[in-house]
Amino acid sequence: MQGYGESSYGDGFADVYDDWYHDVSDVDSTITLLTSLVPSDRLRDGRFLELGIGTGRIALPLAETGARVTGIDASRAMIERLRAKDPSGKVSVIVGDMLRGLPDASFDVVFVAYNTLFALRSYERQHELFAEVAKRLVPGGSFVIEAFVPDVGRPAGGNVGVRTMAADRVVLMADVHDPESQTVDGQFIEFTDGAAVRLRPFSIRYSTTTELDRMATDAGLSLADRWEDTRRTPFRHDSVTHVSVYRRASVS
Ligand SMILES: C[S@@+](CC[C@H](N)C(=O)[O-])C[C@H]1O[C@@H](n2cnc3c(N)ncnc32)[C@H](O)[C@@H]1O
């Protein structure tokens with residue numbers, strides 16, 4: 001999408017993110033799952049890295065458990081929201097691109113929630129991310145991805161829907177799907193009586209689970225588990241979401 005950059009999503013959604021998306025997934029079961037991936041004798045020292053940390057929906061409650069949490073996000077507006085909720089700085093935050101700006105450090109668990117991997121808008125960038133993550137995982141460390149399973153039957157072209165309808169306000173969502181490039185470009189368009197129109201753009205390149213598994217293999221990671229969600233609902237052929245855990249081999 002013309003004019004769209006790494007910080008466009010966060011800058012566009014920061015003011016409404018917690019209101020619109022606070023319940024997009026189950027935070028408690030996410031934290032239970034993430035912490036279960038660190039051996040219990042190391043849990044107090046467990047190091048976690050969240051890619052696209054946003055306003056800290058998951059990272060802040062994870063840090064409340066005593067875990068050491070670092071996050072990276074391309075949007076200063078999102079990070080400002082997070083910092084306002086974390087005045088004592090329990091979570092370490094880096095402003096930068098999740099592919100190019102990763103810290104030179106090792107982690108027990110790296111995770112990317114709520115379709116955020118698809119914000120890297122090419123196969124190549126996602127493929128490269130797996131390699132960058134693999135380099136930063138301790139032996140036996142895990143890379144956790146939560147994302148939707150692409151609907152292979154979705155036709156090419158545009159689609160418009162209604163998100164919010166009120167007497168003085170309507171929020172529409174318009175998007176364009178290109179199955180060839182596996183991209184969806186869209187806008188939330190907000191009309192409020194007496195105010196200027198507000199646009200919130202998004203742009204993703206989605207990947208199938210088969211593609212993700214190949215990227216992981218190329219980076220030396222192997223699929224350890226796949227569920228439908230963070231409550232560990234079994235993954236089925238008709239699941240529309242997945243939580244995949246890729247593991248770096250332990251040193252024997
Ligand atoms: C859908 S939000 C998810 C936020 C949070 N992880 C959650 O689950 O609520 C996606 C986040 O990824 C960030 N983001 C998008 N592209 C990015 C990139 N290339 N590098 C770092 N962060 C990025 C956005 O700014 C936004 O905060």
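This is a predicted model: local features need pLDDT of at least 70, side-chain atom pairs count only at pLDDT 80 or more; totals for chains, interfaces and linings use all residues.

Reader: What makes Leu99 and Leu120 count as a contact?

Author: The cut-off is 7 Å between C-beta atoms placed from the backbone. Leu99 is among the residues listed as in contact with Leu120, so that pair lies within 7 Å.

Reader: Where does Leu120 sit, in a helix, a strand or a loop?

Author: Leu120 is in the loop between β4 (107-112) and α6 (123-136).

Reader: Why is Leu120 called buried rather than exposed?

Author: Count the other C-beta atoms within 10 Å of its own: Leu120 has 23. Buried takes 20 or more, so Leu120 with its 23 qualifies. Across the protein chain, buried residues make up 34% of the 252 residues.

Reader: What is the C-alpha separation of Leu120 and Ser203?

Author: They are 83 residues apart along the chain, and their C-alpha atoms are separated by 9.1 Å. On contacts in general, of those in the protein chain with a separation of 6 or more, 62% are between residues 24 or more positions apart.

Reader: How do you know that the buried residues of α3 line one face?

Author: In helix α3 (residues 27-36), the buried ones are Thr30, Ile31, Leu33 and Leu34. Looking down the axis of α3, they fall within an arc of 165°, so they line one face of the helix. Their cover includes β1 (47-51), α4 (59-64), β4 and β5 (137-148).

Reader: Why are β6 and β9 called edge strands?

Author: Four strands form an open sheet in the order β6-β7-β8-β9, with antiparallel pairing. β6 (157-166) and β9 (198-205) each have a single partner strand, so one side of each is left without a neighbour in the sheet. From one strand to the next, the twist averages 15°.

Reader: What makes β8 and β9 a pair?

Author: Pairing needs at least two bridges. Eight bridges join β8 (residues 183-192) to β9, so the pair passes, and the two run antiparallel. Gly186, for one, has Phe202 in β9 as its bridge partner.

Reader: How do you know whether the radius of gyration of the protein chain agrees with that of a compact globule?

Author: With 252 residues, a compact globule would have a radius of gyration near 18 Å, and the protein chain has 18 Å, so the two agree. Along the principal axes, its C-alpha atoms fill a box of roughly 65 × 45 × 35 Å.

Technical notes
Residues are numbered from 1 along each chain as its sequence is written. Axes are lines fitted to C-alpha atoms, for helices over the stretch in contact, and angles run from 0 to 180 degrees between N-to-C directions. The radius of gyration is taken over C-alpha atoms; the globule rule is 2.2 Å times the number of residues to the power 0.38. A residue is buried if 20 or more other C-beta atoms lie within 10 Å of its own, exposed if 12 or fewer, and partly exposed in between; C-beta atoms are placed from the backbone. Two residues are in contact if their C-beta atoms, placed from the backbone, lie within 7 Å. The arc is that of the directions from the helix axis to the C-beta atoms. Lists of a residue's contacts leave out its neighbours within four places in sequence.
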